[in-house]
Amino acid sequence: MSLETFRKETRAWLEENCPASMRKPIKSEADICWGGKTWTFASEDQKVWLERMAEKGWTVPTWPTEYGGGGLSKEEAFVLKEELKAIGARSPLDSFGIWMLGPALLKYGTYEQKLEHLPPIARGEIRWCQGYSEPGAGSDLVSLRTKGVLDGDTYTVNGQKVWTSYADKSDWIFALVRTEADAPKYNGISFLLIDMDQPGVSTKPIKLISGKSPFCETFFDDAKALVKNRVGEAGQGWEIAKYLLSHERAGIVSEAAFGGLNPVSAAHKAGEVEDDGRLSDPLLRGEVAKLTIDGLAFDATMRRVKEEADHGEGVGARASMLKYIGTELNKKRNELNMSALGSDGLLWEGENEGDGDVARSWLRSRANSIEGGTSEIQLNIVAKRVLDMPSA
Amino acid sequence: MSFVLNEDEQMMRDSARGFFGESAPVSALRKLRDDNDPIGFSKDLWASMAEMGFCGVLVPEDHGGVDLGYAAAGLILEEMGRHLTSSPFIATSVLAASAFNLAGTDAQKVEHLPKIAAGEAIYAFAIDERARHNPGHIETRATKDGNGFRLSGKKRFVAAGTGADTLIVAARTEDDKINLFLVDPKAAGVSLQSRRTIDSHMPADFTFEDVKLDGDALLAGADDPEKAYEQILNAGRACQAAESHGVAVQAFDTTLEYLKGREQFGVSIATFQGLQHRAAHLYGELELSQSLVRRALTTLDTQPSQAPLWCMAAKAKATQVSRLATSEGIQMHGGVGMTDEYDIGLYYKRAQAAGEFLGDDHFGAGEVARLSGY
């Protein structure tokens with residue numbers, strides 16, 4: 001099928017199948033569909049939209065159809081994305097299973113693992129979270145100490161993870177576990193898939209400066225994981241984790257690049273503009289213009305890196321550069337939103353105060369340059385792997 | 001629109017890289033400087049650039065050029081930036097060629113474009129009347145006089161002005177619109193004062209006192225002369241950004257090599273995290289600059305109506321990044337970065353001068369805001 005035909009058919013199908021309410025901008029977190037065993041749909045339309053898209057395999061357009069995907073080519077997936085954007089359609093399903101575990105399973109998983117785990121991800125039936133960081137292993141992730149002991153066909157897992165996003169709402173966790181006690185630290189980690197619906201797994205939300213609790217502590221107390229749910233070989237976990245982190249970085253970056261409130265609309269909200277639309281504060285205007293320039297530069301760079309990757313040059317460690325720049329830009333955008341809004345930006349929850357979304361987004365954005373590897377770690381990676389600067 | 005170079009472009013870049021590395025390395029700029037060269041560039045080099053097909057990169061094939069577009073011009077300029085090549089390329093092959101393409105009559109195209117492609121004449125583009133770039137501030141006047149005009153006014157810092165055979169001068173006509181006029185710098189009433197700038201270039205200030213021009217001195221081929229004027233300037237900005245980017249990239253490469261070779265405390269200073277982070281940050285900035293430069297140039301070639309925003313953004317970013325890369329270069333070189341013997345200081349000076357031409361990063365940011373409606 002030609003791309004033009006595909007575009008025409010896609011447009012017609014979306015017109016027919018995307019409920020009107022799913023074409024309105026997202027107003028609050030409840031509008032984002034994460035799926036999972038305990039998921040409560042915010043509306044009938046949200047449910048219908050997910051089901052219809054999952055039926056087409058379009059929650060994961062480029063995955064093979066056998067695993068619940070759409071089997072689309074990159075070009076077709078891009079057309080689908082453009083057509084979704086054209087009607088302002090919401091994402092039918094957001095999921096760490098799609099963004100992170102899926103790519104790792106597609107690359108490292110066995111056929112049986114793919115068949116078992118990928119389709120429920122595509123349909124939004126199982127919600128996944130990521131168990132990487134530990135209290136003693138943040139930037140120095142490879143020092144993690146959560147321990148797994150293999151006995152027969154089962155690992156017994158003990159230890160603690162931290163910053164597990166939405167662990168309290170998730171069904172399964174993919175976790176890095178030290179299974180090879182005597183191996184060098186990079187070779188002693190395995191990548192285990194653990195069912196959280198068991199007595200040995202418990203979670204505790206962490207309250208953040210934004211007032212929300214998207215992250216948890218996750219505790220393993222003689223938790224069980226079947227050996228068939230180990231992805232890759234025993235001790236291959238670090239390699240898989242690194243591969244997956246590059247996907248996480250891409251995810252954080254696309255979130256950072258994603259629109260949201262910008263300082264110009266914020267200034268309009270606050271009434272701080274002249275009749276001709278010029279921002280009233282000339283220095284703020286200059287700062288916003290720099291952000292616009294860097295935003296254009298970042299978008300162009302994302303496209304360039306993608307194009308070059310398609311031409312076989314690979315993204316590689318440049319993902320770290322993108323993560324660093326994208327997250328710093330998103331922080332800057334949030335800071336300028338707050339400046340442009342003035343005291344209105346300070347309003348917190350309360351009857352007359354709205355829900356403090358701007359401030360929450362600003363507070364949340366602080367984490368962008370910490371999660372998925374801090375900015376400083378990204379700079380280390382760029383220096384060593386892109387610029388070939390030697391280690392101390 | 002593509003970020004990845006096509007075959008023609010790769011060939012152009014490779015031949016430019018080889019040519020400038022061979023014929024116009026940094027030592028050539030040092031020689032022009034040390035010899036107090038009266039025009040600040042080599043006419044022999046210019047003739048060789050014409051033979052390579054560089055001079056006519058924007059000239060249509062009918063008029064003797066190779067017509068490869070702005071993206072290719074940018075590749076040539078990036079290599080010139082890397083080698084600090086001093087030449088009238090932007091003045092003649094970009095600004096003047098664009099002026100004839102966009103605003104010339106057929107007769108003017110036939111007369112002038114082949115000369116540009118063949119490297120037979122140097123054209124300079126006279127815009128600014130003050131020290132900071134302000135393309136709307138034009139007080140030079142061209143008033144009707146019989147079939148021709150009388151031109152009066154002043155221009156400052158005209159790039160390649162000292163060695164130019166013909167000037168293209170922005171002046172207001174009686175309808176108060178900005179139009180472009182061909183002026184012979186040797187004509188009665190024209191006075192020239194050469195200026196020497198930190199980068200060893202020789203721009204010139206011009207005064208026009210009641211200079212008599214023929215009727216065909218007016219570039220009369222554009223429906224909307226002011227729009228053409230803006231398009232020419234934007235093309236110049238994107239191309240100047242490409243040169244600035246080349247300056248930045250080479251300064252960075254040179255600095256990185258220095259870091260890897262220098263030892264202190266008994267170890268390579270490239271192992272120090274304080275320097276690694278500065279270098280890695282700079283690398284990211286260079287990537288941003290490169291994407292914008294390429295995007296601006298390809299947009300000029302394929303969707304000119306969308307180009308102004310990209311050209312302004314590219315000029316602002318390349319200016320900022322080239323200044324950052326060269327000043328960081330000096331810092332990371334340490335004391336030797338302050339000496340004339342090392343090249344990094346020459347890059348610092350060129351980045352400053354190239355950044356000023358056609359508007360620096362502050363100017364560009366203001367224009368980006370205006371074009372974005374805020």
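How many residues of chain B are in contact with residues of chain A? The count is 29 on chain B, facing 36 on chain A. Contact here is defined as C-beta atoms, placed from the backbone, lying within 7 Å.

A word on the source. This is a predicted model, where local features need pLDDT of at least 70 and side-chain atom pairs count only at pLDDT 80 or more, while totals for chains, interfaces and linings use all residues. Residues are numbered from 1 along each chain as its sequence is written, and chains are lettered from A and ligands numbered from 1 in the order in which they are written.

Back to chain B. H8(B) has the largest share, 12 residues. Helices are DSSP runs of H or I, at least four residues, numbered from the N terminus. By type, this side divides into 15 nonpolar, 11 polar and 3 charged residues. Asp, Glu, Lys and Arg count as charged; Ala, Val, Leu, Ile, Met, Phe, Trp, Tyr, Cys and Pro as nonpolar; the others, Gly among them, as polar.

Next, chain A. Its domain assignment gives domain 1 (3–94), domain 2 (128–235) and domain 3 (259–386). Such bounds come from an automatic or database assignment. The centres of domain 2 and domain 3 of chain A, taken over C-alpha atoms, are 32 Å apart. Between these two domains of chain A, 6 residues of domain 2 are in contact with 6 of domain 3. The domain 2 side has 2 nonpolar, 3 polar and 1 charged.

Note on methods:
Helices (H or I, at least four residues) and strands (E, at least two) are DSSP runs, numbered from the N terminus.
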